[in-house]
Amino acid sequence: MLERLINLLDLPDADYWADVGSCDARALIDLSPAMLLSQIRHQWQSWPVMRQVHLAYILGESSISIEKEILIEMVESGNSSVAVSAREALRSIRSNET
């Protein structure tokens, strides 16, 4: 399952990713969120930047606390693209909580 998710996150940053790939990746996480997110939390920092950005893009759509925890870690990323994407996702979570 993680391998399939990685394949989706590695799609080129284009319309297909935004329209289809991101939805498919989110749906895959939703099938087994606790297991996948636990695996992701232990390895996302070693992933290529584009994969990290795509991950941040799809996180934050659930009330599962580990998603928020991963995004908080991503905000501290040394890569500004990853940090910006994570901050945007966190803003989305916060607006949904109010």
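The structure is a predicted model, in which local features need pLDDT of at least 70 and side-chain atom pairs count only at pLDDT 80 or more, while totals for chains, interfaces and linings use all residues. Residues are numbered from 1 along each chain as its sequence is written, and side-chain values use heavy atoms, with hydrogens and water left out.

The secondary structure of the chain consists of six helices and zero strands, where helices (H or I, at least four residues) and strands (E, at least two) are DSSP runs numbered from the N terminus. In sequence order, the elements follow the pattern α-α-α-α-α-α. The C-alpha trace spans about 30 × 30 × 25 Å along its principal axes. The radius of gyration of the chain, taken over C-alpha atoms, is 12 Å, which agrees with the value near 13 Å that a compact globule of 98 residues would have; the globule rule is 2.2 Å times the number of residues to the power 0.38. Of the 98 residues, 43% count as buried, a class that means under 20% relative accessible area, with exposed meaning over 50% and partly exposed lying in between (1.4 Å probe, protein chains only). The accessible surface comes to about 5,400 Å², and carbon and sulfur atoms contribute 50% of it; these areas come from the Shrake-Rupley method with a 1.4 Å probe, and for residues only the protein chains shown count as cover. Among the contacts in the chain with a separation of 6 or more, 61% are accounted for by residues 24 or more positions apart, contact here meaning heavy atoms within 4.5 Å.

Helix α4 (residues 49–58) is largely enclosed by the rest of the structure, because seven of its 10 residues are buried. The buried residues of α4 are Arg51, Gln52, Val53, His54, Leu55, Ala56 and Ile58. Just after this helix, Gly60 adopts a positive phi of about 95°.

Two packed helices are described by the angle between their axes and the distance between the axes. The axes are lines fitted to C-alpha atoms, for helices over the stretch in contact, and the angles run from 0 to 180 degrees between N-to-C directions. Helix α2 (residues 15–31) packs with α4 at an angle of about 70°, the axes being 10 Å apart, and α2 is therefore roughly perpendicular to α4. In this classification, angles under 35 degrees count as roughly parallel, over 145 as roughly antiparallel, 65 to 115 as roughly perpendicular and the rest as oblique. On the α2 side the contact involves Trp17, Ser22, Ala25, Arg26 and Ile29, which meet His54, Tyr57 and Ile58 in α4. By class, the contact of α2 with α4 has five nonpolar, two polar and one charged residues, where Ala, Val, Leu, Ile, Met, Phe, Trp, Tyr, Cys and Pro count as nonpolar, Asp, Glu, Lys and Arg as charged, and the others, Gly among them, as polar.

Helix α1 (residues 2–9) also packs with α4, the two axes coming within 9 Å and crossing at roughly 100°, so that α1 and α4 are roughly perpendicular to each other. Leu5, Ile6 and Leu9 in α1 meet Met50, Arg51, His54, Leu55 and Ile58 in α4, and the contact of α1 with α4 has six nonpolar, one polar and one charged residues.

Within helix α2, Ile29 is buried, with a relative accessible area of 0%. Leaving aside neighbours within four places in sequence, Ile29 is in contact with Leu5, Leu36, Leu37, Ile58 and Leu59. Val20, which also lies in α2, counts as partly exposed at 30% relative accessibility.

Two loop residues were also examined. Trp47 is placed in the loop between α3 (33–43) and α4 and counts as buried at 6% relative accessibility. With neighbours within four places in sequence set aside, Trp47 is in contact with Leu2, Ile6, Leu9, Ile40, Gln52 and Leu55. Ser77, found in the loop between α5 (65–75) and α6 (80–97), counts as buried at 18% relative accessibility. Not counting residues up to four places away in sequence, Ser77 touches Gln52, Val82 and Ala83. Although Ser77 and Gln45 are 32 residues apart in sequence, their C-alpha atoms are 8.1 Å apart in space.
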